[in-house]
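Morning, everyone. Please bring up the sequence and the model.

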Amino acid sequence: MCGIMGYVGPRPASPIILQGLRRLEYRGYDSAGVAVADAGAIQIRKAAGKLDRLEALLDESEPPGRLGIGHTRWATHGPPTDSNAHPHADPTTRFAIVHNGIIENFFELRQELVEAGAVFTSDTDTEVLAHLIAEEYDGDLTEAVRRAVGRATGAYALVAMTADEPDTLVAVRMISPLVIGFGEGETFLASGIPALLDHTRRMLVMEDGEMATITRDGLRMETIAGVPVAREAFEVDWDVEQAEKGGYPHFMLKEIFEQPRVVADSLLGRLHDGEVVLEDVGWDADFERSIEKIWITACGTAFHAGLAGKEMFEGLLRIPTEAVYAHELRYRDPIVAPHSLTLAISQSGETADTLAGARLLSERGSRLVAVTNVVGSALTHYSDDVIYTRAGLEISVASTKAYTAMLVAQYLLALRLGQTRGTLDTARAAEVAAALEALPDQVESLLKREEGIDEMARFLGRQLAGTDDIYFIGRGLDYAVATEGSLKLKEISYLHSEAMPAGELKHGTLALITEGTPVIVVNTQQHVYDKTVSALQEVKARGASVIAVAYDDDTEIEHYTDHVLRIPRTMDLLSPVLSIVPLQLLAYHVADARGLDIDQPRNLAKSVTVE
Ligand code: G6P
């Protein structure tokens, strides 16, 4: 999510760190800062906003020093302000740290420190670690960091420095990436390869659970438990553009492959022994019990996530739920009864129609919760509560990882409301929670499986690249996924594509199905499985070429289809998080086979801030 840069060597650290942060700009950020150590003291410069603001601060008074760390922040805890920007320091500013990721038990740790008299200057989880490291320090930064991270749980990358050891950086990787670069008598460190390419191509990638003590002559690496690690550096042959895409040919593909991490991040710290913690939701259990209607409003991909949400809320909570396109809603005269909750879903939080639709429902008395990926976005200002999706910056115009994160956010909300309202008993709630927690590994195994979902999608993509019209069908949650699969395909491949509930086919569209017409079916919902199979038989009888998305253990589906894109078995309720993945890959490969500009499709914008 955030960008990290570190330097130790003979040259002034600030300009090198700033340059590295510039190379990480493509990842997006809302604030930035540097900390540099010199003559036994640390100086910090940081500012909300673009890197130019930080650069102006550094131009005014550049802190001297040859050891430093820098950071670009994408807010998770606390809004993007100067004080929430990294680096963070302990109260004496003898220790400074930058951090990427989330400390799950930060609230408990902060409470402990406050009770012991600590004063905090930011809302971040990171500052807690700066205090802990200071508390644990007795002359050895590596050991202090080791003990401090032993008290923290979560997924993160962390780099620490102290004024007392002006030749040393200590880095810890716990799931979030960290790369070390080796120069001549200088060593660099960053959260991504692009930041280092101006200085060196000799690099080493840290792995989860490892910590490195870095000096200008190199590093000592060991596990957090203290077991020495020996790993050879390698030469990077990527150019900057390839490096920004993580070696993938397009951001869209990179973002599809980021989904295991995104699903994990979206769940992080939010499920505690089956209890759902939504940190920016302020309502109480009485409100949760009082809800009589849920509204969902959004546009585009976010609306499709909302269609899945509608199925899920009605199914799990038995609360009538209406999903309305925001651009329709804003010119309607909606009847908003008391005890309504509105979910306004928006990756950017800036879509003009979504803002207008959400405000209308809010003005008419509905409580408004924003489901968004951008901390401090306009939508969050209008909303009573927020559920952040934690997908990180999405660069490709065609949304992928933000969609899955929107699904996860809604599952968490549904689980919480179901528990409070008693529509989910303890056993069923535990089942949903366990199935949710299994999703990151399942998405990962789906993307990495040996028989190659990506290969299969590429093969089918080439076949579909020459067709004119493609139809997507499904029922219930499968229909919701079909709408998003169809949108993905049309927006980047420019093929005509249409999604419809499987039962609707025979009311018109069947007339368009002829020999070889591609029909893509999502069939994971057991209670309507046979009904969808009937629709398949209808299209097969007219010569359609059918591709299905189905569970691994579904042996029946192949009797009615030409190709099957397999996904791991999960609760039917959660299947959209898995079944969308092959459809995203399929859309990608069709567009790739057609040689199109995948990340920036014609006529479309990432965020539509005008009507
Ligand atoms: C644009 C984008 C879509 C996105 C929609 C809603 O049309 O191209 O990818 O789904 O806006 O954006 P939001 O930021 O509100 O989720």
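What radius of gyration would a compact globule with 611 residues have, and what does the chain have? The globule would be near 25 Å, and the chain has 25 Å, so the two agree. That radius is taken over C-alpha atoms, and the globule rule is 2.2 Å times the number of residues to the power 0.38.

Some ground rules. This is a predicted model: local features need pLDDT of at least 70, side-chain atom pairs count only at pLDDT 80 or more, and totals for chains, interfaces and linings use all residues. Residues are numbered from 1 along each chain as its sequence is written, and side-chain values use heavy atoms, with hydrogens and water left out.

Now the overall picture. The C-alpha trace spans about 80 × 55 × 45 Å along its principal axes. The chain holds 19 helices and 26 strands. These are DSSP runs, numbered from the N terminus: helices are H or I with at least four residues, strands are E with at least two. Of the 611 residues, 61% are buried, meaning under 20% relative accessible area with a 1.4 Å probe, protein chains only.

Next, contacts, meaning heavy atoms within 4.5 Å. Take those with a separation of 6 or more: 71% join residues 24 or more positions apart.

Last, the hairpin. Strand E2, residues 31-38, pairs with strand E3, residues 41-48. Pairing takes at least two DSSP bridges. Here there are eight, in the antiparallel sense. Asp38 stands opposite Ala41 in E3. Two residues lie between the strands. In that turn, Ala39 has a positive phi of about 50 degrees.

Technical notes:
Buried means under 20% relative accessible area, exposed over 50%, partly exposed in between (1.4 Å probe, protein chains only).
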